[in-house]
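Visitor: I have a protein model to read and would like to learn how. Please take me through a few features.

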Amino acid sequence: MPMLPGAYTDVVAELLYTHSEEMAGIYDLDLRWFTHVNPAGVHLLGYPSEEALLADPNHSLRTPPWTPEQWLRLCEITRREGHHELEADIRRHIGEPFRAYVKLTYFELNGRALFLVNLTEHSRLQQAERALAHSVRRFEAVFTNATLGIIVCDQPGRMVSVNARAGQLFGYCPTELLGQQIEVLVPDAAGQHHAQLRASYNADPQVRNMGHNRPLAGQRRDGSTFPVEASLSYFYLDEELYVVAYILDLTAKQATEQELHTQHQRVARLNAELEQKVINRTNALMLTLEQLEKRGDELALALQAEQELGELKSRFVSMASHEFRTPLTAVLTSADLIAEFPGGHQQAQRLKYVAHIRTSVQHLNTILEEFLSVGRIEEGKIEAHPGNLNLTSLVHDTVADVQSLLKAGQVIDWQVVCPVPVWLDASLLRKILMNLLSNSLKYSGQNSVITVRAGCQPKQLTITVQDQGVGISQEDQAHLFEQFFRAPSVVSEPGTGLGLYIIAKYVELMGGTIDLHSILGEGTLVTIRLPLSTPD
């Protein structure tokens, strides 16, 4: 398109600006007010002159005024798009506000950002026409973009409007359905009595649902059918009745209902199975509880029998100790008397048997003493009675007492380091040490060394006894402190299997601990730890 010469352009712009019946003004974005306004604009806004308008301190054009955020957003839209139009209530300097159509055009001149502002006052007819146009556009937007199928029919049942969604549902282009009867889409509705039903509805139109309780069968262009629900409404245009049908495809809804029904059945089945499992588990639990109660009664009877057996054993041990000690003492005395009659060629033989008698009696006394100790422990008759003791003297005397048990070449290496006073039960401590030394000597070979160490700390006494004997396997160590247990590696030596059990009980009475570490074929280390206290 050819452009006007520069001279013509200036003249035309001046004529349009000066003689226009609409307001035209130059708005400076930095000043936020007008720099030029044509005569029509001065008159429209109610000012006596352009100078008075430009000098007005109230720079609000609209009523109510735009907020800073609203005006900034409006400026950004116009700057970005170059042009923007809107409706607004415009403030007059003198007189009532008026409704106007505002057109903003962005341009720049000499580096300044400017708007060309055009204002056109609306008449009532223009407002009505514009409102009608907006209403039509809104209706078209709703009708076209609705997610429901919408079909408008006239009184004879011909389709006069069909939206896109309705065409999609039935497989038609919407224009193909215009002028056709609605029965094309629902041929089997209401038992094919369409004419009678249509006449009845036209005589008394009302809003109603069709296919809510019993879905209608919609028929697509390809002949396939699908379930639909239709809601009917109506309106009059130029005294002509029109019926509007809102079509909803129930395929997904029915599938969901079927799936929900299936899930309900599955949940009901699972609930029934769960209830049966609960019943079965409850019955099993009741049976188990009954068995447990029965087992508890059996255990109570077994415990009572065990207690009675323990009492019988304790009585037996006490009786045996009392009844056997007297004759054995007599045997020992007789043996001593035999040894006091020297002479004769059989004296050496008599001394040999006398030695056997002494050894046997001492062994029997040891066994009876162990039985008696076990009985007293189980009856709770043994208690710790701590007192002042000389630890060095106690160890020295105990080592001296076991000298007769030493095998050829055996040595007891003992050492006591105890700078603090010792307050313990001397009798129990002596029995513990005596038993440990006896075991070490018994299960160690000739020319071996038994090491005894005793040391005191402020609150603890530690005693260790280490030998070079046959040792004990790892599996057997777990049972060493049980009554009558003897490791396979020592069954060839005489003993009752009560020694370590008695030692452990004595240590427990004194509030201490006992640890045993042994390697088969290399020896055994026993560690006793006893708490030290002071007299009350």
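This is a predicted model: local features need pLDDT of at least 70, side-chain atom pairs count only at pLDDT 80 or more; totals for chains, interfaces and linings use all residues.

Visitor: In what order do the strands of the open sheet of 5 strands lie?

Guide: Strands (E, at least two residues) and helices (H or I, at least four) are DSSP runs, numbered from the N terminus. Two strands pair if DSSP finds at least two bridges between them. Here the order is β2-β1-β5-β4-β3, and the pairing is antiparallel. β2 (33-37) and β3 (83-90) are the edge strands, each pairing on one side only. Strand β1 (residues 23-28) is joined to β2 by 4 bridges, and G25 has V37 of β2 as its bridge partner.

Visitor: Which strands does helix α4 lie across?

Guide: Axes are lines fitted to C-alpha atoms, for helices over the stretch in contact (heavy atoms within 4.5 Å). Angles run from 0 to 180 degrees between N-to-C directions. Helix α4 (residues 68-81) lies across β1, β3, β4 (98-109) and β5 (112-121), and runs at about 150° to β3.

Visitor: How many residues lie between β9 and β10 in their hairpin?

Guide: There are 5, and G223 in the turn has a positive phi of about 95°. The two strands run antiparallel with 4 bridges, one of them pairing Q219 with T225 in β10. In a regular strand the side chains alternate between the two faces of the sheet. In β9 (residues 216-219), L216 and G218 are on the covered face, while A217 and Q219 are on the uncovered one.

Visitor: Which residues have the most contacts inside the largest nonpolar core?

Guide: A nonpolar core is a set of buried Ala, Val, Leu, Ile, Met, Phe, Trp, Tyr and Cys residues joined through side-chain atoms within 4.5 Å. The largest has 40 residues, and L391, L424, L429, L437 and L461 have the most contacts inside it. Another core, of 28 residues, lies apart from it and includes L44, L61, L104 and L119.

Visitor: Is S440 buried or exposed?

Guide: Buried means under 20% relative accessible area, exposed over 50%, partly exposed in between (1.4 Å probe, protein chains only). S440 counts as buried because its relative accessibility is 4%. S440 lies in helix α12 (residues 426-442). Leaving out residues up to four places away in sequence, S440 touches I450, V465 and D467.

Terms used: Residues are numbered from 1 along each chain as its sequence is written. Side-chain values use heavy atoms; hydrogens and water are left out.
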